[in-house]
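Please look through the model below before reading on. My points follow as a numbered list.

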Amino acid sequence: METLIYDCVQSSLRHFLPRNAIFLCERLCAEFPSELNLQLLASCYLNNNQAYCAYHILKGTLMAQSRYLFAVACLQMDLYSEAEGALCPTNESSAEVPNGAAGHYLLGLIYRYTDRRKSAVDHFKQALSIDPLLWAAYEELCILGAAEEANEVFGEAAVLCIQQQYGHQNLQTVNDDHGVVSCKTTSLEDSNARQTRHSHGNNFREVPYNHHGAVTSGVASGQPINGGSSSVSLYSTPSPMISQAAAPPPLFRNGQPNPNTLGGESSPRSVVNSTIQAPRRKFVDEGKLRKVSGRLFSDSGPRRSTRLATEMAVGTNLNSTQVGANGTSHSSTKYLGGSSRLSSAQIRSVTLRKGGSWASESFEEGRRSEAFDDARLDTTATTSIASSSGDDRAVEQERTIMPMTGVITSCSRGISGILELLRLLRTLGEGYRLSCLYRCQDALDVYHKLSSKQYNTGWVLSQVGKAYFEMVDYLESEHAFTLARRASPYSLEGMDVYSTVLFHLKEEMKLSYLAQELISTDRLAPQSWCAMGNCYSLQKDHETALKNFQRAVNLNSTFAYAHTLCGHEYVALEDYENGIKSYQSALRIDTRHYNSWYGLGMIYLRQEKFEFAEHHFRKAYQINPGSSVIMCYLGTALHALKRSEEALEMIDRAILADKKNPLPMYQKANILVSLEKYDEALADLEELKEYAPRESSVYAMMGRIYKRRNMHDKAMLHFGLALDLKPSTADVAAIKSAIEKLHVPDEIDEDL
């Protein structure tokens, strides 16, 4: 009964029926109370997004898996201290973290959300060292700015780790009589058909990996089996394709693939092999192999395999002829560093006719042995006896070595698959790392190296859109996000940034449509409500926008950008105290979220706390040294602190970083005016008019400069042009006041 209910629960979970699984699992726990069954019940609740149920079920449990599931529930409920206590019990300091890489990843998240960056980085790195395919850990390292180059993380060392983590179980034959492994070579000496059949029934088993990822073996590489000679040659035999079934798993030694095996050519099995294909299932469970190998190796495409032909000399030299049911063959084995290599020689057999005897072609020295044909006429009886006794031996030999026919090909396919996957992860990882370091152009160059299949996916296009957004190229960013929506209309990856792009472009219609689409897709996602908040913010409805951003925070308290957007709305409402709290909340989640450092700097700049403003702008600049906006406001804060030379230097950097941005040139002109360098200021403003011909503040500043130089006609002209461009209400009042005091000297104007 327990097994039946357990299987029903697992079936319900596989078919995404969590309510049915919960009901049945409760019956299971009632009838057979145990911690293992409680784990299953907690998993059912976690699958049904009921973390609080799993929390109460597993509270106080001691098994490693129970503690892991309890930590997952705590993490979803923002109970970080309890989650940490479950993964790292204080009374068991030497206890291992449950579930290896996954456990270390959870610990990294806990430390990151509790502002312990160094510990978080250590655990994320440890998770990657255990499982290089744990991409989420590398993402977190990139976000924390502590990721190594992708070439190092997903390099050659990762191949061995992947083999250890995701490698398949291999088959090996154990000789009961001698206690040695005979999966590579098979000795026919001192064996008969009955012994061979016995070994087929009992000696094949699945061999687990050791801690190095290698298959345990009882024989040193290169050691002869059963006292036989070690100089037997391996041949590659061409034959038609037998089936498209999954190949057996790869056989590795010492955690590394066999280089000679991988390098050798392979070809289809011979026709003779087709006669013994069916009995192979007596000792190889193809179904199990297919389940295991399906995780890493593909079954598609034509299979190519090789046949291992061996022959041991009995009382004669190594090149003597063995007559059997499969024809006459000569073979020898070469051990090269414990590895076998397939040669390109071919074995050809003559068709057996009724009442006739076997004939063969000798490959010794590349010529046919004429003496053999003469001797065959005189030894017909002897050959017949040898044929009848050798028939079973040759067939059983073929059966014994058949498990290796697909191993070599699977191994080659598996290694190539691993290398291909790591190559892809190197490109994606390096692009993401550079993007998180805000080296956006370098990141774009890396992403463009991807194949069109990978580049035109939602995730990659979203990253491209984010890179253009950071480069303040909003049109290209919008184009990339549009393609991302087209590729993955169901994905919300980067949609919060996309809504901000549309906000800056003042695309009210597109932004409203995007917000409605995201809400209809997933109204419980923070990205949906960020888009809705940006829509209201663009319409100057800051209170409604703030409510939407707060809802995003409530849905996911670790979504740093939602906290930052709340801060922006508080600043728009001139509620600086709550704005500071929101920015600080974002920084507790992600200390490298430069938008929040920038927001704090803007608040302190408005409050004329210039030293605080300079500190926060500099922190933002250290994180994102390519932002011309941050450099511009840092220069403004330095100028307010009477450090004009440093300010001008920083402003010049901002201009070089983005020549299309008019703000740094305007701020530079403002600083030059304060230093009474009017000619230089006018030259910069004339150049700025080319980039921003409809910016009223540019003409207003030029009017003030002409007024100070007593050029009243030009001053009045530029004040009028500024008013014609419909500036804000505050700017209109300032310009009209300047016009009224046009003939009043600046010294008297300042005294008034």
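1. K540 is exposed, because its relative accessible area of 66% is over the 50% cut-off.

2. Now the confidence. This is a predicted model. The average pLDDT for the protein is 74, and 66% of the residues score at least 70. One stretch needs care: over residues 168–389 pLDDT stays under 50. For that stretch the model still has 397 contacts beyond four places in sequence. I would keep the score in view when reading them.

3. The overall make-up is quickly stated. The protein has 38 helices and three strands. It has 752 residues, and 49% of them count as buried. Take the contacts between residues at least 6 apart in sequence: 62% of these join residues at least 24 apart.

4. Next, the cores. The largest nonpolar core has 81 residues. Within it, V9, F124, Y138, F154, Y447 and V464 touch the most other members. Helix α5 (residues 64–76) gives the most to this core, namely eight residues. There is also a second, separate core of 56 residues, and Y438, Y594, M650 and I735 are among its members.

5. Setting aside residues up to four places away in sequence, F124 touches Y105, G108, L109, A137, E140, L141 and L144.

6. H104 is buried, with a relative accessible area of 7%. Apart from neighbours within four places in sequence, its contacts are V97, H123, Q126, A127 and I130.

7. What about the aromatic residues? The count of aromatic pairs comes to 16. In one of them, W135 and Y138 have ring centres 5.8 Å apart and planes at 40 degrees, so the pair is tilted. W135 and Y138 are three residues apart in helix α9 (residues 135–143), which puts about one helical turn between them. Both W135 and Y138 are buried. Ring pairs also link W135, Y138, F154, Y432 and W459 into a cluster.

8. Compare the pair Y598 and Y633. Their ring centres are 6.0 Å apart and their planes stand at 65 degrees, so this pair is edge-to-face. Y598 belongs to helix α29 (residues 594–606) and Y633 to helix α31 (residues 628–640), so the pair ties together parts that are 35 residues apart in sequence. The two residues fall on either side of the 20% limit for burial. Y598 is partly exposed, at 22% relative accessible area. Y633 is buried, at 16%.

9. Two charged side chains sit over rings. R27 lies over the face of F23, 4.7 Å from the ring centre. K619 lies over the face of W597, at 5.3 Å from the ring centre.

10. Finally, helix α3 (residues 35–47). The buried residues of α3 are N37, Q39, L40, L41, A42, C44, Y45 and L46. These buried residues pack against α1 (2–14), α2 (18–31), α4 (51–58) and α5. After α3 comes N49, whose phi is positive, near 60 degrees.

Conventions. Residues numbered from 1 in each chain as written. Predicted model: local features only at pLDDT ≥ 70, side-chain atom pairs only at ≥ 80, totals over all residues. Heavy atoms only, no water. Core = buried A, V, L, I, M, F, W, Y, C linked by side-chain atoms within 4.5 Å. Buried < 20%, exposed > 50% of the residue type's maximum accessible area, 1.4 Å probe, protein only. Helix = DSSP H or I, 4+ residues; strand = E, 2+ residues; numbered from the N terminus. Contact = heavy atoms within 4.5 Å. Phe/Tyr/Trp six-rings, centres within 6.5 Å; stacked < 30°, edge-to-face > 60°. Lys NZ or Arg CZ within 6 Å of the ring centre and 35° of its normal. pLDDT = per-residue confidence, 0-100.
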